[in-house]
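Hi,

Here is the structure I said I would pass on. Have a look at it first, and my notes on what turned up follow below.

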2 protein chains.
Amino acid sequence: QEKVENKAPLVNESLKKFLNTKDGRLVASLVAEFLQFFNLDFTLAVFQPETSTFQGLEGRENLARDLGIIEAEGTVGGPLLLEVIRRCQQKEKGPATG
Amino acid sequence: QEKVENKAPLVNESLKKFLNTKDGRLVASLVAEFLQFFNLDFTLAVFQPETSTFQGLEGRENLARDLGIIEAEGTVGGPLLLEVIRRCQQKEKGPATG
């Protein structure tokens, strides 16, 4: 008999649970948006089946709204993740006043 | 003669410039870390050549350090992007005092 190799299961339980949370879905959507932004079509073509997200995740408009990001000149030139990172790092520096 | 179809060029100029910036590299590394965290091996196997990041990007340890994230019980159960999103959203709520 064949020994079952330690291959990735057809159902990724850990990811499935993750995608069923609000923040998890947000994160996965931001990853997909990054791939779309840079036209990483081949990566996306594998990402969708591997994550079972054929129906697609949240689009950029919904993501920006959920994250409170208002699209402007400074944001449209990059993936939303770039804006998220910028804000995250601003926070690290602390407030300018008091 | 064949008409040149509008295929993705072999060199992704936009992504290349992006990866040459500190924040861009950070973002791409967070995406790769997400793929690794959930064992999305097939996606990674296409992501690396499509983004020309065969040498790998920043690993989780370096990413956490660059983002000022201290790994603890609450962070290790998810991709770093989850912690980034949580912090980003906390910021949106505004400070508890004043």
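Let me start with one residue. B:Thr53 touches B:Leu19, B:Phe47 and B:Gln48, leaving aside residues up to four places away in sequence; contact here means heavy atoms within 4.5 Å. B:Thr53 sits in the loop between α3 and α4 of chain B, where helices (H or I, at least four residues) and strands (E, at least two) are DSSP runs numbered from the N terminus. With a relative accessible area of 8%, B:Thr53 is buried. On that scale buried means under 20% relative accessible area, exposed over 50%, and partly exposed in between (1.4 Å probe, protein chains only). The side chain of B:Thr53 also makes a polar contact with the side chain of B:Thr51, at 2.7 Å. A polar contact is a pair of N or O atoms within 3.5 Å; within protein, one must be able to donate a hydrogen and the other to accept it, and residues adjacent in sequence count only if both atoms are side-chain atoms.

Before going further, the ground rules. This is a predicted model, in which local features need pLDDT of at least 70 and side-chain atom pairs count only at pLDDT 80 or more, while totals for chains, interfaces and linings use all residues. Residues are numbered from 1 along each chain as its sequence is written, chains are lettered from A and ligands numbered from 1 in the order in which they are written, and side-chain values use heavy atoms, with hydrogens and water left out.

Now the fold. Chain A has six helices and zero strands, so along the sequence you read α-α-α-α-α-α. Of the 98 residues in chain A, 42% are buried. Taking contacts in chain A between residues at least 6 apart in sequence, 44% join residues at least 24 apart.

On to the interface. 38 residues of chain B are in contact with 38 residues of chain A. The two chains bury about 3,400 Å² between them, with 73% of it on carbon and sulfur atoms; buried area is the accessible area (1.4 Å probe) that two parts lose on being put together, summed over both. Across this interface the rule finds 10 residue pairs in polar contact, both residues at pLDDT 80 or more. On the side of chain B that touches chain A, α1 (13-19), α2 (22-37), α3 (41-51), α4 (60-67) and α6 (80-93) of chain B each supply at least two residues. That side divides into 21 nonpolar, eight polar and nine charged residues.

How are the two chains related? The same surface serves both copies, since 100% of the contact residues of chain B recur in chain A.

A:Glu50, in helix α3 (residues 41-51) of chain A, is worth a click. A:Glu50 touches A:Leu15, B:Asn39, B:Leu40, B:Asp41, B:Phe42 and B:Thr43, again not counting residues up to four places away in sequence. A:Glu50 and A:Asn12 are 38 residues apart in sequence and 8.5 Å apart in space, C-alpha to C-alpha.

Last, the salt bridges. The rule is a side-chain nitrogen of Lys or Arg within 4 Å of a carboxyl oxygen of Asp or Glu.

- B:Glu83 pairs with B:Arg86 (closest N and O atoms 3.7 Å apart) and with B:Arg87 (3.4 Å). B:Arg86 and B:Glu83 are separated by about one helical turn because they are three residues apart in helix α6 of chain B. B:Glu83 is buried at 15%, B:Arg87 is buried at 15%, and B:Arg86 is partly exposed at 35%.
- A:Asp66 and A:Arg65 meet in a salt bridge at 3.3 Å, N to O. A:Asp66 is partly exposed at 34%, whereas A:Arg65 is exposed at 58%.
- A:Glu33, A:Arg60 and A:Glu71 are linked in a network of salt bridges.

Cheers

Terms used:
Ala, Val, Leu, Ile, Met, Phe, Trp, Tyr, Cys and Pro count as nonpolar, Asp, Glu, Lys and Arg as charged, and the others, Gly among them, as polar.
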